[in-house]
Amino acid sequence: MSRLILKNGMVLTLDEAGTYHQEGSVIIEADRITAIVPGHDSVAPQAGDRVIDATDKIIMPGLIDLHYHTAIGKGYNDHMPLWEYLDECWYPLVRALDPEAAYWAAMASYAESIKSGVTTVNDMYRQLDSLADAACDIGMRAVLCNDVALPEHDLDTLETNKDAFHKNHGRGNGLIEVRVGIEWVPLSSPGLLRDARALANDLGAGLHIHLNESKTEVEFSLKQFGKRPTELAYEAGFLGPDCVAAHCVHLSDDEIRMIAETGTHISHNPNSNAKLGNGVARLPEFLAAGINVGLGHDAVECNNSADMFEVMKWASLVHRAHRADASLCQAADVLRMATNNGARALGHQTGALKVGNKADIILIETQSPIFTPLLRDTPVQMTSHLVFASNSSVVDTTIINGEVVMQGRELTRANEREIVQKANAAFVRMKEKMVVVRRAQA
């Protein structure tokens, strides 16, 4: 079997031991890492091998975007707070969505993510057949779920999600996984939460939900159900180690206990929370409680960028500013949130460079002012540059499932110009079709 060899790079494994090689090579066979070899020119290529020269580049795990929505309307009417934005823009657009528009929206979203060094997305959206097609075509590892809500909200149903699972789970040589998704408590009920848990158990699938994102959501839940959102999910049996709860900005102490007790994972999305004016999540308390926390960009409608380097920087700075404490959220810990912790939340063998892990790897170009100065004999300064100085422009190569899907910042499986043109046209069509139905606010 021919091999893919990443040669002579700075190997930042992010494994449990924090192994770092100032110079080394990573060997990939099929979709797995089969060897990590320290030293210069330490691997002799064989006939048929493909070699990528990683000199002056960091070889590291790809980033994992733990809370994600394929997006079609970046920058459109995004001046509103969350509840108004959902009713005026988000829901009208996703209700108008057709399969073709969903495909090109996903291609544009996944292209931006690949160019930002993201190798896995945990994507809650609609038209999952189209999303799976796009992920397979562009080479993205995609964990997909539907926008499930009560029927009167005209989104998706559990039956829709079940059908999507049977059609798409395991496609693309395992690139595609399907979970069960609940939009959020204001469009749900205790019965729907219980039914979603039962379906996930029957399918052997995970769960994905928005929880306690805004004060308005908490107030609505208390008024409608007499319980806070996480309390409702806990009592319905929805939470668990197979569940990713997004945002969790307004968790009480007792709700933090429920998340920790059930082994539920949190996706922290600081940029989106800030832009929508939802507040600052209690990240130090989450970590102190032993909760596994990954990072997500949310959606470019409520973030305007899928750049996970920006998310990492915000995930540190916003808490330091909010608590007036520069000791919080050190670079090395934040980097692991975007890699190790995301993989753990999804049950994936990714997020670290280890023999046997899936080959989801990125190469970072260091020959730029962004990485100047750089001491190569230790990863400490390098880690600081990755979290505090970098942006998506530093990503040279993205490898997913052992395949090079971007090299030299050029996509290998898709035409970026075509994606841009088709996604723009899709947005215009959806904008013309969308119907705004103003609902009573909480």
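**Close-up views of a predicted model**

View 1. About 160 Å³ of space lies in the largest cavity, where a cavity is, on a 1 Å grid over the protein atoms alone, a set of points at which a 1.4 Å probe fits but cannot get out; grid points are joined across faces, edges and corners, and the volume is the space filled by probe spheres set on the points. The structure is a predicted model, in which local features need pLDDT of at least 70 and side-chain atom pairs count only at pLDDT 80 or more, while totals for chains, interfaces and linings use all residues. Residues are numbered from 1 along each chain as its sequence is written, and side-chain values use heavy atoms, with hydrogens and water left out. Of the 14 residues that line the largest cavity, His-69, Leu-82, Leu-86, His-210 and Glu-213 are the closest to its centre, a lining residue being one with an atom within 4 Å of a point. Helix α1 gives the most to this lining, with 5 residues; helices (H or I, at least four residues) and strands (E, at least two) are DSSP runs, numbered from the N terminus. The lining divides into 9 nonpolar, 2 polar and 3 charged residues, with Ala, Val, Leu, Ile, Met, Phe, Trp, Tyr, Cys and Pro counted as nonpolar, Asp, Glu, Lys and Arg as charged, and the others, Gly among them, as polar. A search of the whole structure finds 3 cavities of 30 Å³ or more.

**View 2. The largest pocket.** The largest pocket holds about 400 Å³ of space, a pocket being an open set of points with protein on both sides within 12 Å along at least five of seven lines. It is lined by 17 residues, of which Lys-74, Ala-108, Ser-109, Glu-112 and Ala-423 lie nearest its centre. Helices α2 (99–115) and α14 (416–433) each supply at least two residues of this lining, which divides into 10 nonpolar, 3 polar and 4 charged residues.

**View 3. Helix α6 and its buried face.** In helix α6 (residues 215–225), Glu-217, Val-218, Phe-220 and Ser-221 are buried, buried meaning under 20% relative accessible area, exposed over 50%, and partly exposed in between (1.4 Å probe, protein chains only). Seen down the axis of α6, these buried residues fall within an arc of 160°, so they line one face of the helix; the arc is that of the directions from the helix axis to the C-beta atoms. On the other side of α6, Lys-215 and Lys-223 are exposed. The buried residues of α6 pack against α1 (82–96), β11 (207–211) and α7 (229–235), contact meaning heavy atoms within 4.5 Å. Just after the helix, Gly-226 takes a positive phi of about 75°.

**View 4. His-208 in strand β11.** His-208 has its place in strand β11 and, at 0% relative accessibility, counts as buried. Its side chain makes a polar contact of 2.8 Å with the side chain of His-67, a polar contact being a pair of N or O atoms within 3.5 Å, of which, within protein, one must be able to donate a hydrogen and the other to accept it, with residues adjacent in sequence counted only if both atoms are side-chain atoms. Leaving aside neighbours within four places in sequence, the residues in contact with His-208 include Leu-66, Asn-122, Met-124, Cys-145 and Val-244.

View 5. Most residues other than glycine have a negative phi, and most peptide bonds are trans. Asn-173, in the loop between α4 (158–168) and β9 (176–178), has a positive phi of about 55° although it is not a glycine, and at 61% relative accessibility Asn-173 counts as exposed. Cys-329, found in the loop between α11 (308–323) and α12 (331–346), has a positive phi near 50°, but at 11% relative accessibility Cys-329 counts as buried. The peptide bond from Thr-372 to Pro-373 is cis, with omega near 0°, and Pro-373 has its place in the loop between β15 (361–365) and α13 (379–389).

View 6. Leu-187 lies in the loop between β10 (180–182) and α5 (190–203) and, at 8% relative accessibility, counts as buried.
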